[in-house]
Amino acid sequence: MFNEQLRQAILNEYHDYHFYRSMYKLTDDPYLQGFIEHIYEDEKSHYEMFQQLYYMLTGTFVQNFPEPQLCTDLKDCIKDAIKDELEAAEVYKEMLLLIPIQQAYAPLFVAMHDETEHAIRLSTMLHFL
């Protein structure tokens, strides 16, 4: 069960990285771009940490990613992203309770915290639009 949740988290983080990169291109406001850049860099880090953890558990990396959905409307994307970030934090909290090895704790804790921070950043961005 944990490995499948981790596999899905990897797919989600891959998607989110590309989603936020496309969101970045929809604004020329440096303040908003700074928030978005911070988020997509975190998502890239989560993806890399989770891939390493998956490899430790399975001896393979997750491959064959679906085409990521890109952002086309900044405000709508932010609204959807707030919900998705909070849901991800909840999933990572649940996964923390199931960790099969101690090395899983740090990446899940960091990602859980970051996803909550992302929701705050996104909510702030929504306020400015």
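Helices here are DSSP runs of H or I with at least four residues, numbered from the N terminus. This is a predicted model, in which local features need pLDDT of at least 70, side-chain atom pairs count only at pLDDT 80 or more, and totals for chains, interfaces and linings use all residues. Residues are numbered from 1 along each chain as its sequence is written, and side-chain values use heavy atoms, leaving out hydrogens and water.

**View 1. D42 in helix α2.** D42 sits in α2, which spans residues 30–58. D42 is buried (under 20% relative accessible area, with a 1.4 Å probe and protein chains only). D42 has no salt bridge (a side-chain nitrogen of Lys or Arg within 4 Å of a carboxyl oxygen of Asp or Glu). The nearest side chain of opposite charge is R121, 5.9 Å away (Lys and Arg count as positive, Asp and Glu as negative; His and the chain ends are not counted). Leaving aside residues up to four places away in sequence, D42 touches D114, E117 and H118 (heavy atoms within 4.5 Å).

**View 2. Helices α1 and α2.** Helix α1 covers residues 2–24. The two helices pack at about 155°, with axes 8 Å apart (lines fitted to C-alpha atoms over the stretch in contact, with angles from 0 to 180 degrees between N-to-C directions). So α1 is roughly antiparallel to α2 (over 145 degrees).

**View 3. Helices α1 and α4.** Helix α4 covers residues 105–128. The axes of α1 and α4 come within 14 Å and cross at roughly 30°. F2, E13, Y20 and M23 of α1 make the contact with L108, E115, L122 and M125 of α4.

**View 4. V91 and Q5.** V91 lies in helix α3, residues 74–96. The C-alpha atoms of V91 and Q5 are 8.5 Å apart, though 86 residues separate them along the chain.

Key:
Buried < 20%, exposed > 50% of the residue type's maximum accessible area, 1.4 Å probe, protein only. Parallel < 35°, antiparallel > 145°, perpendicular 65-115°, else oblique.
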